[in-house]
Amino acid sequence: MTISRRDLFKVGLAAGTALSIPSILRAQIAPTDARTVRMVTDNLTVFDPVVSTATATYTHAQAIYDTLFAVDTNFAPHPQMVGKWAISDDNKTYTFELRDGLGWHDGTPVTAADCVASIRRWAQAASGGKLMMARAKDISEMDDKTFRIELKEPLGALVDILAFQGPFIMRAKDASFSPTEQVTANIGSGPFKFNMALAKAGASFTYDRNEKYVPRKEPAGGFAGAKIVKVDSVIWDIGLFSNQQTAVAALQSGEIDFLGLPPVDLLPVIESDPNLRLEVLDKWGADMFVSMNCLQKPFDNVKARQAMLHLIDQEAMMRAAYGDPKYFRTVTSIFGNNSPMSNDENTGWFKKGGDPEKAKQLFKEAGYAGEKVVILQPTDWAEASNASQLLAATLRNIGINAELAPSDWGGLVARRANKSPVENGGWSLFITTESEGILGTVITAVTLSMDGESWWGWPRNDEYEALRAQFANVALVEERKALARKMQQIRWDYAPQVLLGQNVVPTAHRKNLTGLIGMPIGMGTPMWNMQKA
C-alpha cells in the first residue's frame with residue numbers, strides 16, 4: 001500500500017506531534033532572533049522587475065527600490081518618491097518634484113534624470129507604460145529634482161498607471177539597459193539594502209535595513225505611506241521552498257517566521273499549532289490559469305485554443321491543486337469573480353465537468369497532427385505541479401501528445417521567455433495565477449494584455465487592446481462595464497488562456513510576527529512594518 005504525504009500528516013496531527021526537520025537540514029537553518037525575520041518564499045532567479053513579472057522579483061523590487069507613486073490597500077494612488085506634483089490647465093503636462101532625502105544605496109542622490117531613464121525603460125515593457133508612451137510627447141528633466149511628462153492628448157489614468165505596478169526607480173546607468181537585459185547591480189533607494197556578500201543563489205538572500213532611508217510621514221497602507229523597517233534583516237530561505245514538509249517543521253520550531261505559500265494539505269497542521277497563525281493577506285483571491293503559446297503549434301490555431309476552454313473540468317483541476325473545496329470556486333470571467341468588471345459575456349464554453357468530446361472535435365478542426373505539447377511543470381510549487389499533471393493526463397485522454405517538462409519555478413520563468421518551437425527549448429502550456437485585485441485594474445493587469453509582447457504566450461488582438469486603452473479616459477462605472485463585456489467577448493473568441501478556478505489560500509507565520517501588510521500576492525510582499533515580539 002502506498003502512503004501519501006497527506007496521510008502521513010493526518011497521522012502526525014492525530015498524534016498531536018509536530019513535524020520534524022531532518023537533522024542535516026536543521027543544521028543549515030540558523031535560529032531567528034527578534035531583529036531578524038526569516039521567510040520562505042519563491043525562488044528568486046530574476047532580479048529585474050522590468051524583465052520579469054514573477055512574484056519573487058516584485059517582492060525583491062518592493063524592498064530595495066522605491067516608486068514615484070504607490071497604491072494603498074484600496075488601490076488609491078498616493079505620492080511616494082514624489083513630493084509635489086501639478087497638472088497643466090489642458091491636462092497634458094504633468095510636473096513632478098522629488099521629495100527631500102532620497103538617496104541611492106551607494107551614497108549618491110536620486111535625481112530627476114534617474115526617474116526619466118527609469119520611466120522610459122519601464123514603458124517599453126509594461127502594458128500601462130506602453131499606453132502612456134502612445135500618448136506621450138516628451139519626458140524630460142527640468143532640474144535635479146524636477147521632471148515632467150508632456151502628453152499629446154490627456155490621459156486621465158496617468159497617475160494610476162504610475163502608482164499601480166509603475167516603474168521601480170533605478171539609477172540612470174542601470175536604466176540605460178535594454179528592457180530585455182537584466183539589471184543585477186541591485187542598488188536602489190528603497191527601505192532595504194540587498195546584501196550581495198551574503199547572497200547564495202538557490203539557497204538564501206539577505207536584505208538589511210537601509211538606515212539612511214527617509215520614510216514618508218503618512219501611515220503605512222499597502223505600498224503607500226511610511227515604509228518603516230522595524231527589524232535589522234530579512235532573510236529569504238529559498239532552499240526550503242522546494243521542501244514544504246521541512247518548511248512547515250521549521251515554522252513550528254521557530255527557525256523560520258513566515259511561509260508565503262503553505263501547501264493546502266498541511267494547513268490543518270499549522271492551524272492546530274498554538275504558536276502559528278494562518279492569515280489571508282491577498283483577500284482578493286487569485287485565479288489559476290493556463291497560458292498557451294499562441295506562436296507555435298498547435299496553439300497558433302484558434303480552434304486548438306478554443307478546444308482547451310471546453311476540455312477543462314475546473315472543479316477537478318482545483319481539487320488536484322487545492323484539495324479542500326473551501327479554498328476554491330469556479331470562475332468564467334477574465335476579470336475574476338469579485339471585480340466590478342466581472343461579467344458573463346461569451347462564457348457558453350463553461351460546462352461542469354468539461355466537454356472532452358467537444359475539445360476533441362475542435363482539435364481535429366484545428367488540424368492537429370500529433371505535435372508534441374510541452375507543459376512546463378513547476379515541481380517546487382505543489383499546487384501548480386499537481387494541476388500540470390492532471391492537465392497532461394486530460395490531454396492524453398483525448399489523443400493529444402502531451403509531455404511534462406519538470407523544473408523548479410525559476411527554471412520555468414526562464415524557459416517561458418523562449419519563443420522557439422518545443423524542439424528548440426520552447427513550450428506549449430504553463431500554469432500560473434493572478435490576483436483578482438490586479439485583474440480588476442484592467443489597464444495595468446499584464447496578464448490581460450493582448451499586444452503580442454507583454455505576456456508570455458504573446459497573444460495579439462488590436463481591437464481588444466484599443467478597448468482596453470479606452471479605460472484610461474472612462475470614469476463612469478457603467479461605461480467601463482460595457483467596455484469590459486466587449487473585451488471579454490473578443491478575448492474568449494481568441495482564447496489566449498484557460499481559467500482553472502479561483503483560490504483563496506492563507507499565508508502562515510509565527511504569532512509573534514506582526515504588522516504584515518496585505519496586498520495582492522502578484523504585486524509582491526511588503527517587508528517593511530513587520531516586527532517580532
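Author: Let us start with a term: a residue is buried under 20% relative accessible area, exposed over 50% and partly exposed in between (1.4 Å probe, protein chains only). The structure above is a predicted model, where local features need pLDDT of at least 70, side-chain atom pairs count only at pLDDT 80 or more, and totals for chains, interfaces and linings use all residues. Residues are numbered from 1 along each chain as its sequence is written, and side-chain values use heavy atoms, leaving out hydrogens and water.

Reader: Is Gln 531 buried, exposed or partly exposed?

Author: You can find Gln 531 in strand S23 (residues 531-532). Helices (H or I, at least four residues) and strands (E, at least two) are DSSP runs, numbered from the N terminus. The relative accessibility of Gln 531 is 34%, so this residue counts as partly exposed.

Reader: What separation do the C-alpha atoms of Gln 531 and Val 37 have?

Author: Gln 531 touches Lys 230, Val 231, Asn 512, Leu 513 and Thr 514, not counting residues up to four places away in sequence. Such a contact means heavy atoms within 4.5 Å. Val 37 is 494 residues from Gln 531 along the chain, and their C-alpha atoms are separated by 8.1 Å.

Reader: And what separates the C-alpha atoms of Asn 397 and Pro 421?

Author: Asn 397 lies in helix H13. With a relative accessible area of 67%, Asn 397 is exposed. Pro 421 is 24 residues away along the chain, and the two C-alpha atoms are separated by 23 Å.

Reader: What pLDDT does the protein chain average?

Author: pLDDT is the predictor's confidence in each residue, from 0 to 100. The score stays under 50 over residues 1-17 and over residues 20-30. Where pLDDT is low, the predicted coordinates should not be read in detail. Across the protein chain, 94% of the residues score at least 70, and the average is 91.

Reader: Why is helix H10 described as largely enclosed by the rest of the structure?

Author: Among the buried residues of H10 are Ala 304, Met 308 and Leu 311. Their cover includes strand S15 (286-292), helix H12 (356-365) and helix H17 (477-494). H10 (residues 302-311) is largely enclosed because its buried residues number 7 of the 10.

Reader: Which residue caps the N-terminal end of H10?

Author: Look for a polar contact, a pair of N or O atoms within 3.5 Å; within protein, one must be able to donate a hydrogen and the other to accept it, and residues adjacent in sequence count only if both atoms are side-chain atoms. Here a side-chain oxygen lies 2.8 Å from the backbone nitrogen of Lys 303, and the residue that provides this cap is Asn 301.

Reader: How many residues of helix H3 are buried?

Author: The buried residues of H3 include Tyr 58, His 60 and Ile 64. They pack against several strands, among them S2 (66-67), S11 (204-209) and S12 (233-237). Helix H3 (residues 55-64) is mostly covered, with a buried count of 9 of its 10 residues.

Reader: What type of aromatic pair do Phe 363 and Tyr 368 form?

Author: Rings of Phe, Tyr and Trp (its six-membered ring) pair if their centres lie within 6.5 Å; planes under 30 degrees apart count as stacked, over 60 as edge-to-face and the rest as tilted. The structure holds 24 such pairs. One of them is Tyr 94 with Phe 96, stacked at 6.3 Å centre to centre and 15° between the planes. For Phe 363 and Tyr 368, the centres are 5.8 Å apart and the planes are at 65°, so the pair is edge-to-face.

Reader: What phi does Trp 458 have?

Author: Trp 458 belongs to an aromatic cluster with Phe 289, Trp 427, Phe 430, Trp 455 and Trp 456. Trp 458 sits in the loop between helix H15 (436-439) and helix H16 (462-470), and is buried at a relative accessible area of 5%. Most residues other than glycine have a negative phi, and most peptide bonds are trans. Trp 458 is not a glycine, yet its phi is positive, at about 55°.

Reader: Which residue is joined to Lys 297 by a cis peptide bond?

Author: The place to look is the loop between S15 and H10. There, a peptide bond with omega of about 0° joins Lys 297 to Pro 298.

Reader: How many disulfides does a search of the whole structure find?

Author: A disulfide is counted when a pair of cysteine sulfur atoms lies within 2.5 Å. Cys 115 is buried at 0% relative accessibility, and Cys 294 is buried at 8%. The number of disulfides found in the whole structure is 0.
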